[in-house]
Amino acid sequence: MNLSPQRIVCLSAEAADWFWRLGAWENVAGVTAFFEQPPDAPPKPRVSGFSSANFEQIEKLNPDLIVTFSDVQTQLTTELVQRGFPVFATNQRTLEEIENTLSLLARIVNREREGEKLLDEFRARLAPVEKISKRPRVYFEEWNEPMISGIAWVSELIERAGGEDIFPELKSKRAAMERVVSPEQICAANPEIIFASWCGKPVNISEIASRPGWEKLSAVRHRRIYEISGDDILQPGFRLIYGFQKIKQQLQAIV
């Protein structure tokens, strides 16, 4: 008897991506609009944004599990539970927590063997750079109004790639509003490279470069401001390997 969920609604993009990679796409009934569905996979209904959802559409899908992610979806998760849906909520923040979450999701769909193989690849492709002669100072901007520095896993990836996060003391702050920084703090740290990924909207590199006083920053003077796709850096799942690769490439180009 197969007791694993057969109609999973993924309101988090990294969960949908992970089930697809595991070969469990047939178990997925619906996804968030923030998930870029693979072109070779049968499309699934888009039933949510990030903090909102179409409850009527979800109910029609008759899910036997709904996967949500983070404190931002707290209200959404609560309402789903109150409506009687079975919900699995995750709140991973570090690379270790991400690995544990992906392992658990693999077990949920009886794909432990496939999951462990993919996790071995995940660990290998996120291996720290071994030979580092100099660690460039890095500012990662998760949001621009207010300015929010990178979440824990982003800070860890910067360090693994050979960079120095200019706000290492903030990586333990799990909530975004605990990681708000001021332009003055950033100017004082004088980052040599800036990465940005604004959740849900394109990064405006010229806007970053033209902020008052920022023309003195090393990153601005040397035009080292780069956007990383939110799919590859803000979703705590397997696709972090792509964001990590871009960080490595840019850091190695200036060392």
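**Burial and packing in a predicted model**

Modeller: Leaving aside residues up to four places away in sequence, Leu22 touches Ala106, Val109, Arg111, Glu114, Gly115 and Leu118. The model is predicted.

Colleague: What makes Leu22 count as buried?

Modeller: Its relative accessibility is 3%. The cut-off for buried is under 20%, so Leu22 counts as buried.

Colleague: Which residues have the most contacts inside the largest nonpolar core?

Modeller: Trp18, Phe19 and Trp153, in a core of 48 residues. Beyond four places in sequence, Trp18 touches Leu102, Leu105, Ala106, Gly115, Leu118, Leu119 and Phe238. There is also a second, separate core of 17 residues, which includes Val181, Trp198, Val203 and Trp214. In soluble globular proteins, nonpolar side chains tend to be buried together.

Colleague: Where is Gln235, and why is it called buried?

Modeller: Gln235 is in the loop between α10 (230–233) and α11 (240–254). Its relative accessible area is 12%; since buried means under 20%, Gln235 is buried. Apart from residues up to four places away, it touches Ala13, Glu14, Phe34, Trp153, Gly230 and Leu240.

Colleague: Why is Asn110 called partly exposed?

Modeller: Its relative accessibility is 45%. Buried needs under 20% and exposed needs over 50%; 45% lies in between, so Asn110 counts as partly exposed. Asn110 sits in the loop between α4 and α5 and has a positive phi of about 55 degrees, although it is not a glycine.

Colleague: What is the omega of the bond joining Glu145 and Pro146?

Modeller: Omega is about 0 degrees, and the peptide bond is cis. Pro146 is in the loop between β6 (137–144) and β7 (147–149).

Colleague: How many helices and strands does the protein chain have, and why is the chain called as compact as a globular protein of its length?

Modeller: The protein chain has 11 helices and 10 strands. Its radius of gyration is 19 Å, close to the 18 Å given by the globule rule for 255 residues, so the chain is as compact as a globular protein of that length. The C-alpha trace spans about 60 × 35 × 30 Å along its principal axes.

Colleague: What share of the 255 residues counts as buried?

Modeller: 50% of them. The chain exposes about 12,300 Å², and carbon and sulfur atoms supply 50% of that area.

Conventions
Residues are numbered from 1 along each chain as its sequence is written. This is a predicted model: local features need pLDDT of at least 70, side-chain atom pairs count only at pLDDT 80 or more; totals for chains, interfaces and linings use all residues. Side-chain values use heavy atoms; hydrogens and water are left out. Helices (H or I, at least four residues) and strands (E, at least two) are DSSP runs, numbered from the N terminus. Buried means under 20% relative accessible area, exposed over 50%, partly exposed in between (1.4 Å probe, protein chains only). Contact means heavy atoms within 4.5 Å. A nonpolar core is a set of buried Ala, Val, Leu, Ile, Met, Phe, Trp, Tyr and Cys residues joined through side-chain atoms within 4.5 Å. The radius of gyration is taken over C-alpha atoms; the globule rule is 2.2 Å times the number of residues to the power 0.38. Accessible areas come from the Shrake-Rupley method with a 1.4 Å probe; for residues, only the protein chains shown count as cover.
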